[in-house]
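Let's take a quick tour of a few spots in this model. Have the sequence and the structure open side by side.

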Amino acid sequence: MPSIFPLTSWADETEAEEKEKTHLPPSSEVIQNGFKIQTEFRFNNDGKKEKIVRIYKREQRMILTSVIKRRLWKKFGDSIHDKNGPNPANTFLGEDTEMIFFTSNENINNSEENIFDKLKNHNSFVKCRNCNGDHWTLLCLHKNVKNKLKLEENESAQLDTGNSDEKIKTHNKYIVPNLRGFNSKKIDSFNNKGFDSLAIRISNLSPNTTDHDLEELVKPFGPISKLYLPKYKNNGLCKGFAFIHFKSKLDAHAAIKALDKHGYDHLILQVDWSTSTN
Amino acid sequence: MQNERSLEKHLHYVAKNIDSNFIKMKPILLLGHERALTQIKYNREGDLLFSSAKDLRPNVWYSLNGERLGTFNGHCGAVWCIDVDWETTRFISGAADNSLRLWDCATVFMLIENSIICVGVEIGQLSVKSAVRTCVFSYSANMAVYSTDATYGLDCEICVIDVRNADDSFSNTSPILRMQVKGSKVTSTIWGPLDKTIITGHDDGTITQWDTTTGRIIHSVKDHKGAINDLQKNSDGTMFVSASKDCSAKLFDIEDLSVLKTYQTERPVNSASISPLYDHVALGGGQEAMEVTTTSTRVGKFDARFFHLVFEEEFARVKGHFGPINTLAFHPDGKSFSSGGEDGFVRLQSFDQSYFDYKFDY
């Protein structure tokens, strides 16, 4: 009985594979439905097999005699060696580009000018916190104006207690705790200086100064609402400074004038208005 | 003869989508120039497209399939301007090598000493004192006008020459008419109706009308704020459109130089052309700020814009060029157009069915 499968050795098979890699199927031309389809195989730049299909349609056109005559002209100049038909070095098909139709002009303008409009619109971009100009705050030219603005705010804050609500809402700025009239919580009366009593600070006190000594020092100047002398917890020595709250500004002023640079227990005192910030 | 009224069977080199219902034509790209294009022109029947660029050789292409017919070799400088006569027998080109050359288009065979000389032979050249910026045949092609650039000590000149029986002595012929231009130099020229006038566009935006018989200025208008880059007539020669560096193109009446319409864009317009079929104008320009690439990089972003002639509104754009469009021309039958760009490509674009169906709503 003859074998159905011919006996082949594996060596023959590998040879066939190699042939396939270098062997290209033949190109063919098929004419169907009025189209001429030309199929071609070749190796492309990467060394891979490529199948190119070109579809042609035959058309018949009536053309002027003069045009036909020109069709017969011989090629000249640089194209003198060109064959019939377009030279692929010079003529090739481009990508599909469609005509983009517009209904109105608005769309075009928007897309092209929006970017630049945004830059022109300084409102949304750069705004100085001081003068509301179109520059960064760091680079604000009106730096002095900036300080004035702040001072004004402080003074108005000190004098104005009732309107602090509005102030805070309008300015939207941070206001130090002691200036917050509406929100002052008298938890710690020692720390809270308040702004209805005039406070002075005496520094460079000797460590063994006591409350009693201090009281005697400042009593001659007028009535006192509060006297605060911070001491160390471990040995009861004063820390070297004290706050006196007078009931009247004149008394405080007099106290400062008299006590400042005044010698007291081998040290020269420094007396000054107590600053609003701690 | 079989050629008379014969049917020509052409195999179209065209890619078509068999599946789709409509036929979409891909643009044909013509790469024959190494430098930027300066001018493209169709001949009267529209089967040939002539192109000139800043490289030395003007090219001729068959507009049907983009096949190159040949090149005119001979110039030594950038070719600024070209024109072809209505019979497609003569071709004229002006270049920066201070010469105006007249070429033969029609001679297929010329037996000189038993050798066959092909088309594209130079008939003669005219040496001028500076670069030739514009050159145009008259309607009958019996005359041609050319203009030169203004150089050191020399004014810009407009000269009219006779090209009827031009032969080797062409270089020695003196112009029929020579006009000195005192103002800014001429950048573009067209002939007026019946060749009685010559209309020139200048570097400062003025448009001047000269009388051909006397050589005097009839009329001068300054409607543009920037240099006139191109002037093109419509198909019957009653109006012309001017493309200017001031980002606009204007439609003028050819007799009295009055502005009929203005087409405004936001970048300098290098060329404008009026469609012979519809009331459309095509504008091509460039020098715009580079936009961020969001589209495919293989498709260029410089586009040709189509405006409605009467309503002055832009209704379509065709992208494709990789550089500013320097020159535009409609095919004489209005069904396709071509554009030459700074990138050295000439794009032959046929219109879709959607272009023919487009109706401006008003």
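Predicted model: local features only at pLDDT ≥ 70, side-chain atom pairs only at ≥ 80, totals over all residues.

## A greasy patch on chain A

Start with the surface of chain A. Trp136(A), Leu138(A) and Leu139(A) together make a nonpolar surface patch of about 420 Å². To find the tryptophan, go to the loop between helix H3 (106–120) and helix H4 (143–159) of chain A, where Trp136(A) lies.

Trp136(A) has a relative accessible area of 53%, and it counts as exposed because the cut-off for that class is over 50%.

Next up is strand S8 of chain A, which covers residues 241–246 and includes Phe241(A). With a relative accessibility of 29%, Phe241(A) is partly exposed.

Who does Phe241(A) touch, leaving aside residues up to four places away in sequence? The contacts are Ile202(A), Ser203(A), Leu205(A), Leu229(A) and Pro230(A). Take the proline: Pro230(A) is 11 residues from Phe241(A) in sequence, and their C-alpha atoms are 7.2 Å apart.

## A buried lysine in chain B

Now hop over to chain B, where Lys250(B) sits in strand S23 (residues 248–253). Lys250(B) is buried, yet it has no salt bridge. Asp246(B) is the nearest side chain of opposite charge, and it is 5.8 Å away.

What surrounds the lysine instead? Not counting residues up to four places away in sequence, Lys250(B) touches Asp223(B), His224(B), Phe240(B), Val241(B), Ser242(B), Val259(B), Lys261(B) and Thr262(B).

Definitions and conventions: Residues numbered from 1 in each chain as written. Chains lettered and ligands numbered in written order. Heavy atoms only, no water. Patch = residues over 30% accessible without salt bridge, like charges linked within 9 Å, V, L, I, M, F, W, Y side chains within 5 Å. Areas by Shrake-Rupley, 256 points an atom, 1.4 Å probe, with all protein chains shown as cover. Salt bridge = Lys/Arg side-chain N within 4 Å of Asp/Glu carboxyl O. Helix = DSSP H or I, 4+ residues; strand = E, 2+ residues; numbered from the N terminus. Buried < 20%, exposed > 50% of the residue type's maximum accessible area, 1.4 Å probe, protein only. Contact = heavy atoms within 4.5 Å. Lys, Arg positive; Asp, Glu negative; His and termini not counted.
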